[in-house]
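Welcome! Please have a look at the sequence and the model below, and then we can walk through some of the details together.

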Amino acid sequence: MATQNDRIQKNTPGSINQDFEQELRDHIRYFSTKSKEEISERIEELEKEWNMDRMLITNASSLAGFGLILGLTVHKNWFILPGVVMTFLLQHGVQGWCPPLPLFRKLGVRSFKEIDRERFALKYLRGDFSNISGEGRDLAIDVYEAVSK
């Protein structure tokens, strides 16, 4: 079983993971030349960004609720929908994969770990880690690499 930290990446095609990695590096390089205020705005955006688990849980509960309502009001065959959706959610919880995952990844939904790595690198650029010596975007990339492991 994959750990919480890497199960989404392990169940995502390498090309999509590489795209996410390049995007993270590009964001770090871009914000290395920006003001603390601009970096803080980006960190606030990251705090609000929906990660894969949140997206899957929200969609699963919405579809399950929809199926329950239709099962009660339209036809009992609709009760199949919550069963299927909950099976997918269980599969994701155990294996880190479920049928909607590839679609959400292609749409750009990142894992919590991917979002968090960008957040930590930006916090470094903003000066939050004053006990780390050095400066510039190369060191920010080093910090990014360190929190990637």
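Arg 119 pairs with Glu 47 in a salt bridge, with 3.5 Å between the closest N and O atoms. The term salt bridge is used here when a side-chain nitrogen of Lys or Arg lies within 4 Å of a carboxyl oxygen of Asp or Glu. Because Arg 119 lies in helix α7 and Glu 47 in helix α3, the pair ties together parts that are 72 residues apart in sequence. Helices here are DSSP runs (H or I, at least four residues), strands are E runs of at least two, and both are numbered from the N terminus.

Buried stands for under 20% relative accessible area, exposed for over 50%, and partly exposed for what lies in between, using a 1.4 Å probe and protein chains only. Arg 119 also meets Asp 116 in a salt bridge, at 2.8 Å from N to O. Arg 119 and Asp 116 both sit in helix α7, 3 residues apart, or about one turn of the helix.

## About the model

What you see is a predicted model, in which local features need pLDDT of at least 70 and side-chain atom pairs count only at pLDDT 80 or more, whereas totals for chains, interfaces and linings use all residues. Residues are numbered from 1 along each chain as its sequence is written, and side-chain values use heavy atoms, leaving out hydrogens and water.

## The overall picture

How many helices and strands does the protein have? There are 8 helices and 0 strands, and along the sequence they give the pattern α-α-α-α-α-α-α-α. Of the 149 residues in the protein, 36% are buried. The accessible surface comes to about 9000 Å², and 57% of that surface belongs to carbon and sulfur atoms. Such areas come from the Shrake-Rupley method with a 1.4 Å probe, and for residues only the protein chains shown count as cover.

Among contacts between residues at least 6 apart in sequence, 66% join residues at least 24 apart. A contact means heavy atoms within 4.5 Å.

A search of the whole structure finds 10 salt bridges. Side chains of opposite charge can pair when their charged atoms come close. One of these pairs is Arg 110 with Glu 118, whose closest N and O atoms are 2.9 Å apart. Is Arg 110 buried or exposed? Arg 110 is buried, with a relative accessible area of 2%, and Glu 118 is buried too, at 0%. Salt bridges that share partners join Arg 42, Glu 45, Glu 49, Arg 110 and Glu 118 into one network.

Arg 110 has its place in the loop between α6 and α7 (112–126). Leaving aside neighbours within four places in sequence, its contacts include Phe 20, Leu 24, Trp 50, Met 52 and Ile 115.

Glu 37, Glu 38, Glu 41 and Glu 44 form a negative surface patch. Patches are made of residues with over 30% relative accessible area and no salt bridge, joining like charges within 9 Å and nonpolar side chains (Val, Leu, Ile, Met, Phe, Trp, Tyr) within 5 Å. Asp and Glu count as negative and Lys and Arg as positive, while His and the chain ends are not counted; the place of a charge is NZ of Lys, CZ of Arg, CG of Asp or CD of Glu. Glu 44 is found in helix α3 (residues 36–48) and is partly exposed at 48%. Glu 38 is found in helix α3 as well, and is partly exposed at 35%.

A nonpolar patch of about 310 Å² is made by Phe 66, Val 74 and Trp 78. Trp 78 lies in the loop between α4 (52–73) and α5 (80–95), and is partly exposed with a relative accessible area of 35%.

## A stop at Pro 100

Pro 100 is found in helix α6 (residues 100–106) and is partly exposed, at 26% relative accessible area. Leaving aside neighbours within four places in sequence, Pro 100 is in contact with Leu 56 and Phe 88. Leu 89 is 11 residues from Pro 100 along the chain, and their C-alpha atoms are separated by 9.7 Å.
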